[in-house]
Structures are given as C-alpha cells and as structure tokens.
Amino acid sequence: KRKTPGTDDTVEMSVTPRAGVVPAQGRIRLQVELTVREAGRMELSFKVALRGGGPALTMKVWAEVEAPMVRLTCDRWLFGNVFYGGVAEIPFSVENDGSCRALVTFDLTGRDELSLKICAPDIADSAMPRAFQHNKRYTFELPARSSYEAIVEMSPKSVA
C-alpha cells in the first residue's frame with residue numbers, strides 16, 4: 001500500500017500483483033484498490049518498471065468518490081411528559097438519497113432511558129438492514145437511494 005504524497009493521507013492505493021513476469025505478447029491483470037477518506041475527484045498514478053532497464057510505464061487512475069446523503073425526517077423531536085414506568089415513542093425515517101451505501105450510527109451511550117428500533121414494514125425480512133448494537137450504539141447499513149423507518153423509545157428508569 002502506498003499513501004499518496006501531499007494528500008494528508010486521504011487516499012491509499014494498493015496495486016496487485018506487486019511483481020511478476022509477463023511473457024512476450026502476454027497479459028497480466030492488475031487490480032487497483034483505493035481507500036478514500038474524502039469525497040471528490042482525483043487522479044492518481046503509479047509506475048510499472050520494465051525488465052531490461054527500459055523506461056517505466058506510468059499508469060493513471062481517475063476516480064470520483066461520492067459521499068452518501070443521509071437525512072433524518074421527523075415531525076417532532078420532543079417526547080413531552082413521560083411518567084416513570086411509561087413509554088413514549090418518536091417515529092422518524094432515515095433516508096439515503098446518495099448513490100452509495102451509508103453506515104449509520106446512533107450513539108445513545110449514557111442514555112439508559114432511550115432505545116432505538118429499526119423497522120421496515122411491508123418488505124421481506126431479507127430487505128431489513130443489518131443492524132448491530134453494542135453498548136447503546138446502534139449501527140446499520142443504509143443502501144443507496146433507500147430509507148427505513150425507525151423509532152426512538154423513551155422509558156424513564158427513575159423519577160426526576
């Protein structure tokens with residue numbers, strides 16, 4: 001892997017295989033992998049050394065990286081009065097209007113009275129997002145141009 005100079009490590013490029021022999025009139029398939037940390041257009045290059053000391057070939061890679069476009073839609077974000085032992089819910093939708101998938105995380109750490117439910121009514125179970133929960137952090141994948149319904153639930157654990 002090589003970090004691109006002058007880019008503040010926003011791009012890593014890996015080319016495989018790193019070495020090999022191609023017979024005359026032969027071919028080899030190169031695989032170029034990019035890890036990009038910022039959206040935008042870029043032009044990268046790498047050199048392929050030739051046996052016999054000839055001039056290296058410069059190979060160029062152009063890429064346009066897009067970020068997901070995630071938004072939350074909700075009529076209101078206030079629970080109002082919720083009594084000890086009671087439950088209040090706020091439904092909302094999570095939408096990704098972008099052309100690439102998004103990894104969405106809701107961090108409810110330190111908020112024992114809150115929980116999150118992700119639901120997708122009227123679709124097959126296979127279309128449900130893969131959701132992970134760990135220590136009140138809820139993470140799920142949101143495919144490109146998709147949306148899911150969710151509910152934040154409040155159930156007070158003590159009397160204020």
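W77 is partly exposed at 45% relative accessibility, whereas F92 is buried at 2%, where buried means under 20% relative accessible area, exposed over 50% and partly exposed in between (1.4 Å probe, protein chains only). The model is predicted, so that local features need pLDDT of at least 70 and side-chain atom pairs pLDDT 80 or more, while totals for chains, interfaces and linings use all residues. Residues are numbered from 1 along each chain as its sequence is written, and side-chain values use heavy atoms, with hydrogens and water left out.

A search of the whole structure finds four aromatic pairs, a pair being rings of Phe, Tyr and Trp (its six-membered ring) with centres within 6.5 Å, stacked if the planes are under 30 degrees apart, edge-to-face if over 60 and tilted otherwise. Two of them are tabulated here.

| Pair | Centre distance | Plane angle | Class |
|---|---|---|---|
| W77 and F92 | 5.2 Å | 45° | tilted |
| F92 and F106 | 5.8 Å | 65° | edge-to-face |

Because W77 lies in the loop between β6 (70-73) and β7 (88-96) and F92 in strand β7, their pair ties together parts 15 residues apart in sequence; strands are DSSP E runs of at least two residues, numbered from the N terminus. Ring pairs link W77, F92, F106, F140 and Y148 into a cluster.

Technical notes:
Helix = DSSP H or I, 4+ residues; strand = E, 2+ residues; numbered from the N terminus.
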